Amino acid sequence: MLSAETISAFFIASVLLAVAPGPDNLFVLTQSALHGKLSGIMVVSGLCTGLLVHTGAVALGVAVIFQASALAFTMLKLAGAGYLVYLAWGVFRATPERISMTGGQDNSLGVLYRRGIIMNVTNPKVGVFFLAFLPQFIDPTHPQASLQVGLLGLLFIFILAIIPPVYSVLRLKEIKALRS
């Protein structure tokens, strides 16, 4: 079904994507630093759940639509870029009074889990990876191409379940060492 070479190449690409700086890693780090490791773990759990949406979309053939239609793929990229501009505008306009380190937000574990899902589903980096890059590892002539997508999606979820928490722990230790 999937060759060892294909799985290895996908694994390496997935690890590189997971360690690349982005809004997901930053949010996990921030929540872990502000509210403890359990908060970071809940965000990661939400991020992993969001990956099920991406995996399902590819398995159901949404990637084929984007590969066949340059307009649809361009609109996806523009939507992702627009979302990043929206986030940047919010940060740019924020005053020190509006940026609170502890109050003003509901940081219950359920809310953090849902934020993780929403962040992952709307993260253009992950969307483009799943819609444009993941299909490159699938053998379309194989009768169970959807199963291949599912297996690679689960591998990516496994990687995402490990890397951001490890990254957060290492960065938090580094931050604590700098404060000492």
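## Helix α8 and the positive patch

In this predicted model, helix α8 (residues 145-179) gives the most to a positive surface patch, with 3 residues. The patch is formed by Lys37, Lys173, Lys176 and Arg179. Patches are made of residues with over 30% relative accessible area and no salt bridge, joining like charges within 9 Å and nonpolar side chains (Val, Leu, Ile, Met, Phe, Trp, Tyr) within 5 Å. A salt bridge is a side-chain nitrogen of Lys or Arg within 4 Å of a carboxyl oxygen of Asp or Glu.

Is Lys176 buried or exposed? Lys176, which lies in helix α8, is exposed, with a relative accessible area of 57%. Here, exposed means over 50% relative accessible area and buried means under 20%, with partly exposed in between (1.4 Å probe, protein chains only).

## The nonpolar patch

Helix α8 also gives the most to a nonpolar patch, again with 3 residues. This surface patch brings together Met1, Leu52, Leu147, Leu151 and Leu154, with about 470 Å² of accessible area together. Leu154 lies in helix α8 and counts as exposed because its relative accessibility is 53%.

## Helix α2

Now look at helix α2 (residues 23-35): its 13 residues reach 18 Å from the first C-alpha to the last, close to the 18 Å expected at 1.5 Å a residue. Several residues of α2 are buried, including Phe27, Val28 and Leu29. Just after α2, Gly36 takes a positive phi of about 100°.

## Reading the model

Residues are numbered from 1 along each chain as its sequence is written. Local features need pLDDT of at least 70, and side-chain atom pairs count only at pLDDT 80 or more.

Terms used:
Heavy atoms only, no water. Areas by Shrake-Rupley, 256 points an atom, 1.4 Å probe, with all protein chains shown as cover. Lys, Arg positive; Asp, Glu negative; His and termini not counted. Charge placed at Lys NZ, Arg CZ, Asp CG, Glu CD. Helix = DSSP H or I, 4+ residues; strand = E, 2+ residues; numbered from the N terminus. Expected span 1.5 Å × (residues − 1).
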